[in-house]
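Take a walk through this structure, one element at a time.

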Amino acid sequence: MKDIRSLHGRAMEFMRIAKQDLENRDKEGYLRNTKAAFDLEQEAAYALLSKFESEPTRSVLFRSAANLAYNLGQYDQSEKLIYQALAGAPHAEIKAELLSLKESIELAYGLELSTNDITEYTYINVIKEHAVNLKVEPKTDRYSKAVVVDSIVDFLKNIQISYKNFAEVHFRKSFGSHDYSDFDRVLASFKKDSNLLMVDLKFQSFGVALVADTSIMNYKFDSSQKFTDFKSTIFEGFKKDVLFPDLNSEKFQQEIAQKYNETERSKIYSTIVNSLDNKSEYRVSISDRDFKFKVRDLPTINKKTLSFLKPKVTKFEEEEKELLIKRTMELTDVEGSKKTKLQTEFLSYAEFSINLANVKHKELDVEIYFSEPYNLKIIFQENTFSIDDRFFDIYVENQDFKDVQKSYELALGEKHLFLSSKDELTTDEKNIFDNMNSSFLTS
Amino acid sequence: MKDTITLFSVTQADFWSENCIVALEHNTHKSGCILKVTGDQTEDIELKWSKSVVKSGYKEEKKFVEKSAEAISFFLCRKYTEYNVIEESCIGTGVDYWLGYDETHQSYDPNNFLSARLEISGINSETSGNTVNSRVKEKAKQTKSSDGTALPAYISVVEHSNPKAYFIKK
């Protein structure tokens, strides 16, 4: 007679190792150990095939094996195991999980997902464990529960900027030029990696699960213990200081006043409060993991809180002056001869698009010629112009529009030289080098 | 811990115990502090420890608070139910563990060793927006079956600043 519990225990051990492989981005190890787990779990489940009285164990083992088969891309096998589980008498929760897995299989068939796709989705499931689920709902019922796209875009932009600024504030508090001789470059690299990811969506009265990947794909530039300890606290700190507290509470405000000065508070909270003040067209709430019920509302902030979280910061002479983009709109004819000024506005955020045909930098020994004009987006935000090019993995910042382009060109040339002279490239480096070779020639 | 949860290794048991000590000392509690248990039973339990834990490996508050809640919940499970803690639930929402009978128990069935779920939630310090009651409601809402086919489950919510635990059968 098979020792089902022992089989299952060994399967669980392989699953734990596979999960670690996933966090270490070891795909081969992940698939190998998942397969080992699957073989054992399937054997344990089938040992209970005819033992319908063995609930919940029977359906749990079949569900577990079905899930492992799904992660391996073996959809037929996974479906068979689900039906075996349903043939018994699974408890309501297990039945719901089985049916949910069946839906995922149908989606995988529809999207023709490969094992690699499933592995990537499993990565999302790993980081999703730390996500916060938020719902954005309209304040009026003009469109019933449907929320206007502009509201979603506005909220996502506000929370993204708030998180990036939170991460930067904490980085500056924790590190200085004594930690990094090239502090500005390291800070730029840190800011580039400080992004919130959407790891789940619910389209009915829009729900989104947001998380920051602070350990698997990002922040690879420093492996010291100090930085490792620091980065593991960033996203949790953001949830604790920005999303979870009652921002109107006096006790909270006293704590925050101790923690952050006015400049830091303004940086962290000034965008997110725009989503939470009474003029906002939508409201935000924290939801449970399945977006089924509301945990609580993010409160509408009052005037006192607004002036506390978004104080008017007095800038001293030696600090940088605030820069803005001035946009003037004029009514004119095609030749541009008759002009009537309509409006001038000052923007703290703007996007520009430029096309690069070739790169010729005085500090570079090579020239770069693009096979077709290469489009780049330059973003102006918080006094700074930045280029975040994911295709060539280059991030630069500068307070001058022309200088940020020059910085980019220099970084592109230097990166190409570095990669072309390196003996062995990592997988990511090879992808970037392939992108370069398919986009431009050098001389 | 290793004498209470016999199905985990000594290393695992030490890991949970250390997280518990860290979470309590993080809230300035000392050995001998009282844990107020409410829910299906009301009792004051004295928490005692003698180990001095090196804190440098325990930086992330959320992690050690969760693990501490698990450790305390395991003790409560052994104290207030017939079950032992078998393993972590690898699939499912929240932090769940499977419970089952010890092999020496008269109800033990080698073909049906998973009997109930233990759903655990840990809070470092209650705030107006994050209370034991709200966590209990959240856990209780997660599965509602009106036809009696719901899985047997226990909910345990542990708070560390004024140590208390709410432990009920769902």
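**A helix with a buried side**

In H4 of chain A, the residues A:Tyr75, A:Ser78, A:Glu79, A:Leu81, A:Ile82 and A:Ala85 are buried (under 20% relative accessible area, with exposed meaning over 50% and partly exposed in between, for a 1.4 Å probe and protein chains only). They lie on the same side of H4(A), because they cover an arc of only 165° around the axis; the arc is that of the directions from the helix axis to the C-beta atoms. An α-helix has 3.6 residues a turn, so residues three or four places apart point the same way.

This is a predicted model: local features need pLDDT of at least 70, side-chain atom pairs count only at pLDDT 80 or more, and totals for chains, interfaces and linings use all residues. Residues are numbered from 1 along each chain as its sequence is written, chains are lettered from A and ligands numbered from 1 in the order in which they are written, and side-chain values use heavy atoms, with hydrogens and water left out.

Helix H4 of chain A covers residues 75–87. Helices (H or I, at least four residues) and strands (E, at least two) are DSSP runs, numbered from the N terminus. The 13 residues of H4(A) should span 18 Å at 1.5 Å a residue, and its end C-alpha atoms are 18 Å apart, which agrees. The expected span is 1.5 Å times one less than the number of residues. What do the buried residues of H4(A) pack against? Their partners are helix H2 (27–46), helix H3 (57–71), helix H5 (92–111) and H6 of chain A. Contact here means heavy atoms within 4.5 Å.

The loop between H2 and H3 of chain A holds A:Pro56. The peptide bond from A:Glu55 to A:Pro56 is cis, with omega near 15°. Most residues other than glycine have a negative phi, and most peptide bonds are trans.

Now turn to the sheet of chain A. Five strands form an open sheet in the order E2-E3-E1-E4-E5, with antiparallel pairing. Two strands pair if DSSP finds at least two bridges between them. The edges are strand E2 (197–202) and strand E5 (294–297) of chain A, each pairing on one side only. Neighbouring strands of this sheet are turned by 30° against each other on average, direction ignored. E2(A) and strand E3 (residues 207–211) of chain A are joined by 5 bridges in the antiparallel sense. A:Leu201 has A:Val208 in E3(A) as its bridge partner.

Helix H6 (residues 115–128) of chain A lies across E2 and E3 of chain A, at about 95° to E2(A). Helix H10 (residues 234–243) of chain A lies across strand E1 (132–138), E3, strand E4 (282–287) and E5 of chain A, at about 40° to E1(A). Axes are lines fitted to C-alpha atoms, for helices over the stretch in contact, and angles run from 0 to 180 degrees between N-to-C directions.

Next, the cores. The largest nonpolar core has 54 residues, and A:Leu134, A:Ile159, A:Phe171 and A:Tyr269 have the most contacts inside it. Such a core is a set of buried Ala, Val, Leu, Ile, Met, Phe, Trp, Tyr and Cys residues joined through side-chain atoms within 4.5 Å. Helix H7 (residues 149–174) of chain A gives the largest share of this core, 8 residues. Another core lies apart from the largest one, with 36 residues, among them A:Phe62, A:Tyr75, B:Trp98 and B:Leu151.

Chain B has 3 helices and 7 strands. Of its 170 residues, 49% count as buried. Strand E5 (residues 116–123) of chain B is mostly covered, with 8 of its 8 residues buried. In a regular strand the side chains alternate between the two faces of the sheet. On one side of E5(B) sit B:Ala116, B:Leu118, B:Ile120 and B:Gly122, and on the other B:Arg117, B:Glu119, B:Ser121 and B:Ile123, all buried. E5(B) runs parallel to strand E6 (residues 153–159) of chain B, joined by 7 bridges. The bridge partner of B:Arg117 in E6(B) is B:Ala153.

B:Thr28 has a positive phi of about 60° although it is not a glycine. B:Thr28 is exposed, with a relative accessible area of 65%.
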